[in-house]
Structure formats: C-alpha cells, structure tokens
Amino acid sequence: MLDPKLVRESPELVRAAIAKKHLSVDLDSVLAADAAWRALLLEVEQLRSVQKAANAAMAALKKGSPEFLAKLGEMKAVSAQLKERDGALKAAEERSREAMLSLPNLPHASVPEGRTPQENAVVSTQGDPGAVGAHAVAHWDIPGFPRLFDFERGAKVTGAGFPFFIGDGARLARALINFFLEEDVRAGYVEVSPPIFVNAASATATGQLPDKEGQMYETTPDRLFAVPTAEVPLTNFLRDEILDEAALPVKRCAYTPCFRREAGSYGKDVRGLNRVHQFDKVELLKWVHPSSSYAELDSLRDDAESLLRKLEIPYRVLLMCGGDLGFAQSKKYDLEVWAAGQKRWLEVSSCSNFEAFQARRAQIRFRSKESGRAELVHTLNGSGLAVPRVLAAILENNLEADGRVRIPAALVPHFGKSHLSFA
RNA sequence: GGAGGAGUGGCUGAGCUGGUUUAAGGCACCUGACUUGAAAUCAGACGUGGGCGAAAGCUCACCGGGGGUUCGAAUCCCUCCUCCUCCGCCA
C-alpha cells in the first residue's frame, strides 16, 4: 500500500499514477473514507482521555464513598458512549484501510506511457531469433514429445495442466533447476528452501488475498495455500521485522514448484509447456536500501539475463509501459525467450521494483543509522528462471536433424550428456 | 492427538489477591563529565505505531493474536496461535 500521508498531502501524484497505469480507482472516495476515520479517531481519543483522568481520580478516592459513587455513575455514561463511538471507529478504520489498499503503486518516472502490451519498450534483443531454420517445430509437435512430457496421464492422475516429466524430460528440468541455483548462489544470493504452503496471513501480506484467491490452490481443513511463486514465503520470511542497515542488501534465491489455477486462460497460450498449473521456478529476491533500489533492479535483471546468455537462448528485454505494469510495481522488466517452433516470445522472468509498496504492507524495515528510525526497505524480485518455458525454448531452438536436442554447453555438466533423446 | 507449563520493550526480568504502573530493576546502545586515550565510575537520555499541530509540543494505542467482564484489565474469563516438558502415533 501507499503511504497514507502521501495520499492525503499529494493526491495529485496518486491521481497521475492511476492515469498512467490506466486504472479506474475512485480516489475521492478514498480520501473521504480517510477523513471520516480521522474525525472519529479524534472523538474517541478525547473520550479515552477523559476516562483515563477519571480513572486516576477514582483510584485516590475511598471506594464506596459518595464522591466515588458519583464519579462512577458519571463514568458509566462515558463508557457507554465510548463503546458506541469505538464501534463506529473500527468500522471506519476498516473502510479506510480497504480504500487505501485499492490504490496502486506509483510508477517510476522512467516507465513509458502506454496502455497495451504492444506499447512496452523493447530495451534489447540478444542472440539471433532468425538463426533457426524453417525445420523448427513447436515443442509439442516434436516426435516423441509425449513420451517425455505425458500430459494425458497427468490429466488422468490429477487434471489438465499437470504433466508427468519422464526420462530425459525430468532430467532436463532437474538440470535447469540445479544450473539456475548454482549460478544464482555464485551471484551472491543465499539459497533458501521455503515451505510451499503458506497461511492466509502470508498470502494477504503479499497481495494474493483477497483479490487473487481464485488463482491459488487451497487446502482443507487447514486453509493453507499452495504457493503461486516462492516470492510469497520469501517475502513473508522477514515480515514484521527490523533489519540492521549493514545487512542490506539481503539477497535470496529459492527453488519451489509453483501452483497456479490459471482460471480463464485458454487457446494457444496453454499448449504444451507454455502454461501449466504446476511448474518449477527459481525466484530471486532482494531487500535493499531505498537509495539504491533502481541500481539493484538493473543488477537483478542482469543476473537473470546472464542465465539466458549462458544457455545461448535468443531473448529480448521489455520495459513495461504504465498500462501493462501491474498494480504493485513501480518499474518492471520482462525477459522473453524466443521459441523458434512457435515463432513467438515466451515470458520467463519478470523483474520488478516494488519500492516500499510491499514492505509497508508486510512491515519489513531497517534501522537507519542516519535518522535512527526504522524505515521501510525496498523489495525487488524476479525469476531466475521459470523452468518449463526455458525448457520449451531449448527443445525448439536446439532440435537437430536426427531428432535429438543439443544441450547447451553450460548445462551439460548438470545434465550429464550432450544430447537429449526422445527415444 | 492427549496432559501439564510458559509467552511482558533490542535482550534479561519483576508485576499477575484489577485502580499513582507513567510497565520496576538490570544489561546493551547513545550523549555528556572525569581521563593523554581507553576501561571503570558518575550523570542524562533511551521502544513501536497512529492522530492533531507551522513548530515546540499535545494525545491515543500496544504486555503472543482475537473477543468478553468492569467505571477501570499486563492482572479476571473465553478462544486461537507459538514454544517447552511428558505420553501416544509415525518416516
């Protein structure tokens, strides 16, 4: 959420942010809810103050004395009034908080104007998408593909979008996970293996609840949620804590399976490995000093990019425009790999700076040496990387005439051999 | 899963027969004095968050979470969570 003080004092900034993100949010009703809450707060605090003063006076009086009884009668009335007003205050506070939570984060000045994904800026393109010839085929059309990636039995056992990975398919996924983790650790991220279920409080702190409840798998009877990304447990790791300034930046990476119901998805987007309900991903996460968060965003993006360079997969970097930025992000880059068979770009990483937007909701702070106060950190995250789409790109870009797939040199030590076979 | 015990500021630790408690005392941290410097000692300051205010400052909340009783709750009641001990079950 945004700083309520900022919303109160500079509503024009918030209005501009809403416009740049092409959202429709009623800022005036947010301001009204906030003002109503503050008026009630003043009232209730005054009543409490009266009550506290009387409390001290009564403590000094002899219990049962006429003065005591008179005061007691008086305070019973105050107490009843306070109870009524306090109820109204709680309701107003709830309304105000919900209203504040409906406001999006402010986009950074460097975010381009635009409404649709077509207006995202292409920052750079690496490798040559045209290098693979006309013989390239979509990965699901490669002969033998169903033997290694069994969607039919997955549907039988669990449901659509839950494939089995078999033989060299499972081996390649495992090699990628291992490669990503090793490289990320080398880049200074501390490896974490988090719980893959989280409680409602955690899902709320990172914004999955209440809005995206339908996107998560939920367990009964404990009401735990299967993580849609490692970002959720990792961000919550430091929830409600105050860090040493010297400990910043804190860099973490984590491999988890990720679970997404993907309600509403359809069409060619969901074919093959493009979009599945359970997938492996290594997530990168940083908690940083506010003064360096944009430099840290660039280095985070470069860490993710270097994985693709080492795998020799053509990719491009997009800078998201205001309309495609997302509710909580200040600035976001997408990394997309070239899938030569489908002749389209697939998103494999999304690197974002949330500034203090997430940290405020999760109350993750550091003790500032300069001010002596606890200040909010800036949080960043990005994939490093999502496995199935990288795997799909390797299958499509590296398919050779004999029907085998060449394994990128950097991956061979993890895969154990130079080619993947569908036999 | 069953039975007991315990959760108090950055840490430690009283209060827990309800009312001068404004949460004692100690440690750590910070400032000052003494000192060539340091240690020790002495003095002072020392939580987080919200609201009002130009500011100085004023005010409210917070004793694991939530609810209740009461004029008044760290203290009494209910409930949930976590940790510890023991028992049961189990890879």
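## Domains and model

Domain bounds come from an automatic or database domain assignment. For chain A, that assignment gives domain 1 (4-101) and domain 2 (117-420). The centres of domain 1 and domain 2, taken over C-alpha atoms, are separated by 43 Å.

This is a predicted model: local features need pLDDT of at least 70, side-chain atom pairs count only at pLDDT 80 or more, and totals for chains, interfaces and linings use all residues. Residues are numbered from 1 along each chain as its sequence is written, while chains are lettered from A and ligands numbered from 1 in the order in which they are written.

## The surface near RNA strand B

A residue is near a molecule or strand if its C-beta atom, placed from the backbone, lies within 6 Å of it. RNA strand B is surrounded by 22 residues. The closest are Arg48, Ser49, Ala59, Met75 and Ser79.

Helices (H or I, at least four residues) and strands (E, at least two) are DSSP runs, numbered from the N terminus. Helix H1 (4-9), helix H3 (27-60) and helix H4 (66-101) are the elements that give two or more residues to the surface near RNA strand B. H3 gives the most, with 13 residues.

The residues of this surface divide into 10 nonpolar, 4 polar and 8 charged. Here Ala, Val, Leu, Ile, Met, Phe, Trp, Tyr, Cys and Pro count as nonpolar, Asp, Glu, Lys and Arg as charged, and the others, Gly among them, as polar.

## The sheet

Two strands pair if DSSP finds at least two bridges between them. An open sheet of 8 strands has the order S1-S10-S11-S12-S15-S9-S8-S4, with mixed pairing. Its edge strands are strand S1 (121-126) and strand S4 (190-192), and each pairs on one side only. On average, neighbouring strands of this sheet are turned by 25° against each other, direction ignored. Axes are lines fitted to C-alpha atoms, for helices over the stretch in contact, and angles run from 0 to 180 degrees between N-to-C directions.

Strands of a sheet pair through backbone hydrogen bonds, either parallel or antiparallel. S4 and strand S8 (residues 250-259) run parallel and are joined by 3 bridges. Valine 192 stands opposite alanine 254 in S8.

## Helices on the sheet

Two helices pack on the sheet, H10 and H12. Contact between two residues means that their C-beta atoms, placed from the backbone, lie within 7 Å. Helix H10 (residues 293-310) touches S1, strand S9 (278-288), strand S10 (315-319), strand S11 (331-339), strand S12 (344-353) and strand S15 (378-386). The direction of H10 makes about 5° with that of S15. Helix H12 (residues 387-397) touches S9, S11, S12 and S15. The direction of H12 makes about 35° with that of S11.

A residue is buried if 20 or more other C-beta atoms lie within 10 Å of its own, exposed if 12 or fewer, and partly exposed in between; C-beta atoms are placed from the backbone. In S15, 9 of the 9 residues are buried, so this strand is largely enclosed by the rest of the structure. S9 and S15 run antiparallel, joined by 7 bridges. S12 and S15 also run antiparallel, with 2 bridges. Leucine 380 in S15 stands opposite lysine 286. Leucine 380 is also the bridge partner of asparagine 353.

Serine 293 is found in H10. Serine 293 counts as buried because 24 C-beta neighbours lie inside 10 Å. Leaving aside neighbours within four places in sequence, serine 293 is in contact with Val288, Asn353, Glu355, His378 and Leu380. Serine 293 and threonine 379 are 86 residues apart along the chain, yet their C-alpha atoms are separated by 7.9 Å.

## Backbone details

A cis peptide bond joins leucine 248 and proline 249, with omega about -5°. Proline 249 is found in the loop between strand S7 (241-244) and S8. A cis peptide bond also joins glycine 384 and leucine 385, with omega about 5°. Leucine 385 has its place in S15.

Aspartate 240 is not a glycine, although its phi is positive, at about 65°. Aspartate 240 is found in the loop between helix H9 (231-237) and S7. With 10 other C-beta atoms within 10 Å, aspartate 240 is exposed. Glutamine 363 also has a positive phi, near 55°. Its place is in the loop between helix H11 (357-362) and strand S13 (364-367). Glutamine 363 counts as partly exposed, with 14 C-beta neighbours inside 10 Å.
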